[in-house]
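Me: Hey, can you help me look at how helices pack in this one?
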Amino acid sequence: MSSCVNAERIQLIRVRSKDGNFRFELSPENDISVLLNKILETTTDADVSSMTISNQPRGNEVKVSTLKGRSIKNLGFNHGDLVFVGYQSKPESSTTNDTEPSTSAATSSTSRPGDTAKRPWELVTEDPVDMYWRSHSGKIPRGRDARFCKHALNGMCDYCMPLEPFDAAYHKEHTIKHLSYHAYLSKITPKPSASAASTLPPLNPLSYKVKVPCPTATHPPWPAGICTACQPSSITLQSQPFRMVDHLEIASMDIIDRFLQAWRKTGLQRFGWLIGRYEPYDKVPMGVKAVVEAIYEPPQQGELDGLTLGWPWEDEPRIRELSAAASTPLTVVGYVFTDLDPTPEDRTKNVYKRNPQSFFLSSLEAIFAATLQNVNPTKSKSSPTGLYASRLVTAVLTATEDGQVDVSAYQVSEQAVAMVDADMIEASVEPGIVRVKEEDRTEDASRYVPDVFFSYKNEYGLEVKKTAKPCFPVEYLLVNVTHGFPQNPSPLFHSTQFAIENRPGLEDQKLERAMATLAKLEAPSLHPGMESYKKIDLAKWLSDWHLIAFLQTTQLFSPDDLKLMMRTVSSPQLLEDARNIDPVLSTDSWQTLMTFTRESASSAPGGGGSGNMNMMDDDDIPQSVFDQIAAEEAARGRSGNPGGAGAAYSGGVRVCPHCTVENDHRGTDCEVCGLPLA
């Protein structure tokens, strides 16, 4: 009787490796080291440290050394399961005498049940929004159907039971083009079971690079040799079924308005990094939205039809560290740039250049987006590497069909990122076309380009597959992201009045200007514990992301005091009580700044004291006042000397009535739009 029971508990495990197919009889309680020893008996020169097992012929490989202490049953192996084994051969210098000690060492190291090494995806700390959705089912609730539901109120049937977050009919009904990231995970993740497949991450990062060295180790590494085991498969471009970010939300209209001011004054294009956070998005099942709280403008050289940008940007570590200190930790969620060109007929409207008949995102912009997404991956417990895709959003401020300015948001697909990473594509002269590079086997380039195809519907409505060489439309690489503004804005930062960084000649960030404003707000006379409405005004002015970023460069604030200030001024309850700003007023760094402010106020022309605090210098006068004065003086010059350029120039800077650009020359026409200034 006991022999029959033991026979029932024995499992047959099939193993396939480059040495052939093998079958081993194991008990569910056997340690993984038992299976490892049996596999080693079938090989001659296997390197134990490189040995991997998987439930698929390619992908999902897990090193055996990371499974030490786990039993056959714990790993989810069932009777008859097929295991794919891979390994690298030992170097030729290794002797056969080294095999037995290494095997025994591997056996002893894997025989400790309590010493289980964590795998890469188990060490990852995901974003809070990912942790939120992993703790929720995300199912779509439905109400009782009056026609088909025949059960009691507390019952449920097929017509009213919740839908899965990836339900195709629901997405089609609500015109949702892409699944959200977590809805896609729910769709592809196997249901929890005892099988080995359910314990492995469901995602597999795309890679179109040649595997070096080759897994078979039968030929020299690329570019000297290549085989079907190490070369990437052919690529068929298709719409990505999911997107990492479903919605881009700008916390306040003032953020975009301040960003556009530079273009309005100069006509030159601008670029900025979006500083914000990720939150759940209730308009899409298990959706994620990026909320933008500020725009940081790096050093750049704008032009009428483009811009020159330095990348990677030097201030990135500083900006990321400062943003993370906010009351709700912030990070870089994307970037934005302008592409605006006023129409010749009406300078108040812009050319509608990005449309279905031309392009939405040019090939150069798509490759730039893929490059940035590749270096900003998302941490994920569903990927073998612990990283998968990116949530970096590309936003474009461009013209709508009626000539107004609007935001368009995109991401590029994982296929685009993998193709850029493999150096397979490049931009073309036509903005809506991507060019596939030629294969290059030289040692400097070592570029292998597999066959690339894309499909489309011809004039007869039939699906046709076509080769993507030498070029293909850029739309095959794009993923649309919706955008919008909240109905009831509640931004973390309450002010956008301070000068923005890296706008030389337009807005200069000066400590003297900041101290002059502090003096007008009577900041030196405000102390912790005081009850004064002036503290509310001071708190509102200090709640400016650009101001905090500037104070970090003055070296007046210690890192701890600056983080305290960022956390305090970004608090949602900041303006509810005057005492909420007291933690900032109590720091040593703030007292140092107040000392400089008092000295600056007392040494200013006109004497010291409170009367001087109310005096305004040129930097504190709003630019609109200068524009109005210039326009009035220009009008007086025209009335006194009609047609005289010299009289018209007596007002100094002249504002063009058509495009609002400031002109400081003596000509009669605007230097940007060419229309008369009179």
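This is a predicted model: local features need pLDDT of at least 70, side-chain atom pairs count only at pLDDT 80 or more; totals for chains, interfaces and linings use all residues.

Me: OK, how do α8 and α13 cross?
Reply: Helix α8 (residues 316-324) and helix α13 (residues 545-553) have axes that come within 11 Å and cross at roughly 125°. Helices here are DSSP runs (H or I, at least four residues), numbered from the N terminus. Axes are lines fitted to C-alpha atoms over the stretch in contact, with angles from 0 to 180 degrees between N-to-C directions.

Me: Why is α8 called oblique to α13?
Reply: Because of that angle, α8 counts as oblique to α13: under 35 degrees is roughly parallel, over 145 roughly antiparallel, 65 to 115 roughly perpendicular, and the rest oblique.

Me: Which residues make the contact?
Reply: From α8, R318, I319, L322 and S323; from α13, W545, I548, A549, Q552 and T553. Contact means heavy atoms within 4.5 Å.

Me: New topic: what about α9 and α10?
Reply: The axes of α9 (residues 363-374) and α10 (residues 414-421) come within 9 Å and cross at roughly 90°. So α9 and α10 are roughly perpendicular.

Me: And who touches whom there?
Reply: I367, A370, T371, Q373 and N374 of α9 meet A416, V417, V420 and D421 of α10.

Notes:
Residues are numbered from 1 along each chain as its sequence is written. Side-chain values use heavy atoms; hydrogens and water are left out. Helices (H or I, at least four residues) and strands (E, at least two) are DSSP runs, numbered from the N terminus.
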